[in-house]
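Hi everyone, thanks for coming. Let's take a few minutes to walk through one model together, starting with its charged side chains.

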Amino acid sequence: MDATPTTEISTEEQHERVHDALESPLDTQWSQVLDQWDSGTLAQKRAVRAYVSGLRNRIIQTLDDLDSVDEIRQALAVQYLEMKCHWTLLNTQIQSQTARNGMPDGPLMYRATCVSLIIQAIEPLLSQSRIDTLTQMLAEPFD
């Protein structure tokens, strides 16, 4: 997407790239992560999978509704920012639980891991300069 700004592609190609990045590869990665969760019950694993699938599906549906390359690029940046914020909040909660209890909630850790995979899937669809700008924005202290 942003990674090839000098070569204009069609809206259809943009949509195809989004689907290629966010569907099958993420499903495979989530399965691999959740298969490693030995202490997780089947119900817990399904709940984490439903949670992150819902996030991913909402991203795809939002992007599918857009009709221009520029709108898709802008929305991808916003979705990336949203997922980074989401992961940051999950991570903050994990750190708090660890400090308080010595160990965080298992489902919370796996949700955070799977959300981080969504972030990683979106990154190749953005330019490095866009990623750097968004990351810098999140690093700024809030007053």
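Here is a question to begin with: which residue forms a salt bridge with Asp27 where the closest N and O atoms are 3.4 Å apart? That is Arg49. By salt bridge I mean a side-chain nitrogen of Lys or Arg within 4 Å of a carboxyl oxygen of Asp or Glu. This pair links distant parts of the chain, with Asp27 in helix H2 (residues 24-35) and Arg49 in helix H3, 22 residues apart. Helices here are DSSP runs of H or I with at least four residues, numbered from the N terminus.

Before going on, two housekeeping remarks. This is a predicted model, where local features need pLDDT of at least 70 and side-chain atom pairs count only at pLDDT 80 or more, while totals for chains, interfaces and linings use all residues. Residues are numbered from 1 along each chain as its sequence is written, and side-chain values use heavy atoms, leaving out hydrogens and water.

Back to the charges: the structure holds three salt bridges. Asp27 also meets Arg56 in one, at 3.1 Å from N to O. Asp27 lies in H2 and Arg56 in H3, so this pair ties together parts that are 29 residues apart in sequence. How exposed are these side chains? Asp27 is partly exposed, at 26% relative accessible area, and Arg49 is partly exposed too, at 23%. Arg56, at 7%, counts as buried. The cut-offs are under 20% for buried, over 50% for exposed and in between for partly exposed, with a 1.4 Å probe and protein chains only.

Next comes Glu82 with Arg58, whose closest N and O atoms are 2.9 Å apart. Here Glu82 sits in helix H4 and Arg58 in helix H3, 24 residues apart. Glu82 is partly exposed at 33%, as is Arg58 at 30%. Shared partners join Asp27, Arg49 and Arg56 into one network.

Now for the helix packing. The axes of H1 (residues 11-22) and H3 (residues 42-64) come within 10 Å and cross at roughly 175°. That makes H1 roughly antiparallel to H3, a label for angles over 145 degrees. Axes are lines fitted to C-alpha atoms over the stretch in contact, and angles run from 0 to 180 degrees between N-to-C directions. Arg56 turns up again among the H3 residues of this contact, and His15 is one of those from H1; contact means heavy atoms within 4.5 Å.

Last, H4 is followed by Gly102, whose phi is positive, near 85°.

Technical notes: Helix = DSSP H or I, 4+ residues; strand = E, 2+ residues; numbered from the N terminus. Parallel < 35°, antiparallel > 145°, perpendicular 65-115°, else oblique.
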